[in-house]
Amino acid sequence: MQAFTTLTGLVAPLDRVNVDTDQIIPKQFLKTIKRTGLREGLFFDWKKKKDGSPDQEFFLNQPRYQSATILLTRDNFGCGSSREHAPWALLDQGFRCVIAPSFADIFYNNCFQNGILPVVLKSDEVLSVMKEVLGKEGYQLTVDLGNQTVTTPGGTTYRFDIDPFRKDCLYRGLDSIGLTLQHEPAITAYETRRKTEAPWLFADLRP
Amino acid sequence: MAGTTLFDKIWESHVVRAEPDGTTLLYIDRQLVHEVTSPQAFEGLKIAGRRPRRPAATLAVPDHNVPTTDRTLAIADPISAKQIQTLEENCRDFGITLFSMNDIRQGVVHVIGPEQGFTLPGTTIVCGDSHTSTHGAFGALAFGIGTSEVEHVLVTQCLVQNRPKTMEIRVDGTLPDRCSAKDIILAIIGKIGTAGGTGYVIEFTGSAIRALSMEGRMTLCNMSIEGGARAGMVAPDDKTIAYIQGRPLAPKGDLFEDAVRAWQQLKTDSNARYDATVTLRAEDIAPQVSWGTSPGMVTGVDQNVPDPRTMSDEKTKHATERALEYMGLSPNMPITDIQIDKVFIGSCTNARIEDLRLAASFAKGKKVAKTVHAMVVPGSGLVKQQAEAEGLDRVFREAGFEWREAGCSMCLAMNADVLQPGERCASTSNRNFEGRQGAGGRTHLVSPAMAVAAAVEGHFVDIRNWN
């Protein structure tokens, strides 16, 4: 997994609440057996008008946001389906950071598995930055994971919270499975104890 | 000493180790796998040269892509076929039990887990699918995960987790006649909102919950995720134990007796504290119909479509305007004036035998309206077999419903069962997101009884006084 330390990048605004993962990437793109190449599916239905032509109002179709690496959005981003195709598609488009007042739990977890930093800022902070982004072409933010800050071009700095363990894993780009495998003796000890406490959980499950 | 909740007891008994900040390595007893969210996990295993730690603790089934029409024909969509074939190859390569498409035990992953006795009280259960919360109906801690975590569980039988908070949702009293678990959970989501449960595990309590069958409890827990909670649960009781006993993968003999003794201890202590509590009165719950593009946009069938002009909160107002535009509805129109084109009875929410019995009892002797296309998709091959043994398929067919093979079908329309743009569907599924049942399609979430009545009348009706 790619490490995340600091990122200074162009910000794209998605001014909607409750953006669900069906919108981030619709079902027809879930038939793939790969993690890559999902950019085409990102916000697929929102990129088009009813007649199928590109909707120039939608941010992803606007030239000014083409090289954005930070997505700024509203409450409860990533709700609904657990599909990890959502962060894969965001990553494929070039996003490394999503900023919102709140995230759905599964999406939030999935980001960390893919080197994407989800940042929770207060609602009024997001609204204030949203206004600035919409008002100024080329608007960039600096996201500093080490110091847990987001800094605007005007020098305003917002602090965000993150669990220390998750932060460390993302900061160093650690392989989560490899990390757990270091605790193999603890897993074996747990299983040994559990086999006497709850032996029915270890009965042969093959039908 | 302060008591502990049902959630606390299950969590504590699965801690392998904890980091200084509380991040926990949690042991996972059971994993369910389907074709859509697993290929990249198995690919990860192959690339890293890793093997599953306990292949026998995993059960796999294709459900999202499978056709619900004649299974003797090849799958028309080659990409769907490839995904199902990939699951078969991966299960063979890694020694994982698979119920293949033509196995009578095949079905929606959250229907077959309980049906086979794979789902047990006090266990941790995961699946790369957000509706894994369904299994919480048995007093299990069951939640959806991403594909990277599917891989993590295959290799280590553990997950790295942060301890969620606990929320009690208490529903006391008696439901109005013909109202069901689906109406309870829709009313709850309407009350707490789609993010109301974010960061929480919900325990459903109260006399109206105790009165529900296991099927009803599964419907309830299934949609916990629609309220933002990764997991919902109901403490096990005699109904739970009776449901499990004798199922193919359930413990047998002395092991079963030992398990039952442990399961009887699985309940929240009277002096335990939840981090939040929400209460509803069952008597106040009318048959629910969603009108918008998020499960929280829901109201009683006797109400009107809301009017965004009366809303003071800018965020809610804007979201409502957008939803009404997408749904093609006018503010203040009565819910019962909404005309529908399609009816879908199925999904991991409402496609178990009890749902089909209830739906058939309302469909008996009736005819689907000429303007409506209606289909019934059983939750599993075994549910279908049982329904046919009881003659339910005949009731549905005679009323003009199509009777299909088991699968996820039009809940998310990954197979050929898709809404056309602008089509309006009364659906017993769990999500009414934009395009969920097909690009441009419009979904109204309802109970099976409400879906049947809508199919017959061509528009929503109040099931409480329908005859």
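## Two loop residues with positive phi

In this predicted model, Ala413(B) lies in the loop that links strand 17 (402–403) to strand 18 (424–427) of chain B. Its phi is positive, at about 55 degrees, although Ala413(B) is not a glycine. For context, most residues other than glycine have a negative phi. Is Ala413(B) buried or exposed? Ala413(B) counts as buried, because it has 22 C-beta neighbours inside 10 Å and the cut-off for a buried residue is 20 or more.

Ser347(B) is another residue to look at while you have the loops on screen. Ser347(B) sits in the loop between strand 15 (342–345) and helix 12 (353–363) of chain B. Phi of Ser347(B) is positive too, near 90 degrees, and this residue is likewise other than glycine. With 27 other C-beta atoms within 10 Å, Ser347(B) is buried.

## A four-stranded sheet in chain B

Chain B holds an open sheet of four strands, which pair in parallel in the order 11-10-9-12. Which strands stand at the edges? They are strand 11 (231–233) and strand 12 (276–281) of chain B; each has a single partner strand, so one side of each is left without a neighbour in the sheet. On average, neighbouring strands of this sheet are turned by 20 degrees against each other, direction ignored.

You can follow one pairing in detail. Strand 10 (residues 200–205) of chain B runs parallel to strand 11 of chain B, and three bridges join them. Glu203(B) stands opposite Met233(B), a residue of strand 11 of chain B. Helix 6 of chain B packs on the sheet, where it touches strand 9 (165–172) and strand 12 of chain B. The direction of helix 6 of chain B makes about 125 degrees with that of strand 12 of chain B.

## Helix 6 meets helix 8

Helix 6 (residues 181–192) of chain B also has a helix partner: its axis and that of helix 8 (residues 214–222) of chain B come within 8 Å and cross at roughly 20 degrees.

Which residues make the contact? Helix 6 of chain B brings Ala181(B), Lys182(B), Ile184(B) and Ile185(B), while helix 8 of chain B brings Gly216(B), Arg217(B), Thr219(B) and Leu220(B). By class, the residues of this contact are four nonpolar, two polar and two charged.

## Where chain B touches chain A

Between the chains, 64 residues of chain B are in contact with 48 residues of chain A. Several elements of chain B give two or more residues to this side, among them strand 1 (15–18), helix 3 (78–94), helix 10 (253–263) and helix 11 (314–327). Helix 5 of chain B gives the most, with seven residues. The side of chain B that touches chain A has 25 nonpolar, 25 polar and 14 charged residues.

## Chain A as a whole

Chain A has seven helices and seven strands. Along its sequence they follow the pattern β-α-β-α-β-α-β-α-β-β-β-α-α-α. Taken along the principal axes, the C-alpha atoms of chain A fill a box of roughly 65 × 45 × 25 Å.

How much of chain A is made up of buried residues? They account for 42% of its 207 residues. Among the contacts in chain A with a separation of 6 or more, 68% come from residues 24 or more positions apart.

Conventions
Residues numbered from 1 in each chain as written. Chains lettered and ligands numbered in written order. Predicted model: local features only at pLDDT ≥ 70, side-chain atom pairs only at ≥ 80, totals over all residues. Axes fitted to C-alpha atoms, helices over the stretch in contact; angles between N-to-C directions. Contact = placed C-beta atoms within 7 Å. Nonpolar A, V, L, I, M, F, W, Y, C, P; charged D, E, K, R; others polar. Buried ≥ 20, exposed ≤ 12 C-beta atoms within 10 Å, placed from the backbone. Pairing = 2+ DSSP bridges.
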